[in-house]
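Subject: Structure handover

Hello,

I am passing on the structure below, followed by notes on what was found in it. Please read the notes with the structure open.

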Amino acid sequence: MEEIKSQLIFLLGSFLSGVFVMLAYEVVNIFRGLFRPGVIGRFCMDVIFFVLSGVCVFQMIFLCNNGTIRSFFVFAFGAGAILYRKTMGTLLSDLFVKAVRKIVYLLTRPFVFLCRKLQKKRKKKKEENENSS
């Protein structure tokens with residue numbers, strides 16, 4: 001009975017690992033949405049993500065199941081990742097990026113207003129100087 005209990009815990013941990021890996025990839029997508037890196041930047045971010053997620057998956061397999069890869073681990077991990085992607089999708093990253101952009105827009109709005117006012121004053125002063133010459 002104890003062996004079944006430990007394997008069920010491993011199955012749940014595998015499922016949650018899949019969910020967390022996809023959640024971590026959403027964080028990568030958030031950075032992509034905010035900073036819009038080029039091809040090399042995206043490549044570097046993907047390499048870092050896959051190395052870190054590979055280390056986490058390896059630790060999960062090694063520490064919880066003595067290094068034995070079981071088919072139900074692969075299935076549960078994949079199911080967790082797919083279920084997260086199908087239910088939450090990119091909803092969180094899209095909402096987060098839109099919220100950050102809106103906040104930045106609202107915070108910079110007063111500065112934009114002031115810059116436009118200063119620009120109008122400079123233009124008016126320049127026109128006055130040209131008319132007086």
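Which residues form one aromatic cluster? They are Phe10, Phe72, Phe73 and Phe77. Please keep in mind that this is a predicted model.

Overall layout

The protein chain has 4 helices and 0 strands, and its elements run α-α-α-α from the N terminus on. With a radius of gyration of 26 Å, against the 14 Å that the globule rule gives for 133 residues, the chain is more spread out than a compact globule. Along the principal axes, its C-alpha atoms fill a box of roughly 95 × 25 × 20 Å.

Of the 133 residues, 23% are buried. Considering contacts between residues at least 6 apart in sequence, 73% join residues at least 24 apart.

As for charge, the protein chain carries 20 positive and 8 negative side chains. The centres of these two sets lie 9 Å apart.

Aromatic pairs

The count of aromatic pairs comes to 7. One of them joins phenylalanine 58 and phenylalanine 62, and this pair is stacked. The ring centres are 5.6 Å apart, with 15° between the planes. Both residues belong to helix α2 (residues 39–65), and because they are 4 residues apart there, about one helical turn separates them. Phenylalanine 58 has a relative accessible area of 53%, so this residue counts as exposed, the cut-off being over 50%. Phenylalanine 62, at 46% relative accessibility, counts as partly exposed.

Arginine 36

Where does arginine 36 lie? Arginine 36 is in the loop between α1 (2–35) and α2. Its relative accessibility is 59%, so arginine 36 counts as exposed. If neighbours within four places in sequence are left aside, arginine 36 is in contact with Phe31 and Arg101. How far apart in space are arginine 36 and phenylalanine 15? From C-alpha to C-alpha the distance is 31 Å, and in sequence arginine 36 and phenylalanine 15 are 21 residues apart.

When you open the structure, the stacked pair of phenylalanine 58 and phenylalanine 62 can be looked up in helix α2, and arginine 36 in the loop that comes between α1 and α2.

Regards

Methods:
Residues numbered from 1 in each chain as written. Predicted model: local features only at pLDDT ≥ 70, side-chain atom pairs only at ≥ 80, totals over all residues. Heavy atoms only, no water. Helix = DSSP H or I, 4+ residues; strand = E, 2+ residues; numbered from the N terminus. Rg over C-alpha atoms; globule rule 2.2 N^0.38 Å. Buried < 20%, exposed > 50% of the residue type's maximum accessible area, 1.4 Å probe, protein only. Contact = heavy atoms within 4.5 Å. Lys, Arg positive; Asp, Glu negative; His and termini not counted. Charge placed at Lys NZ, Arg CZ, Asp CG, Glu CD. Phe/Tyr/Trp six-rings, centres within 6.5 Å; stacked < 30°, edge-to-face > 60°.
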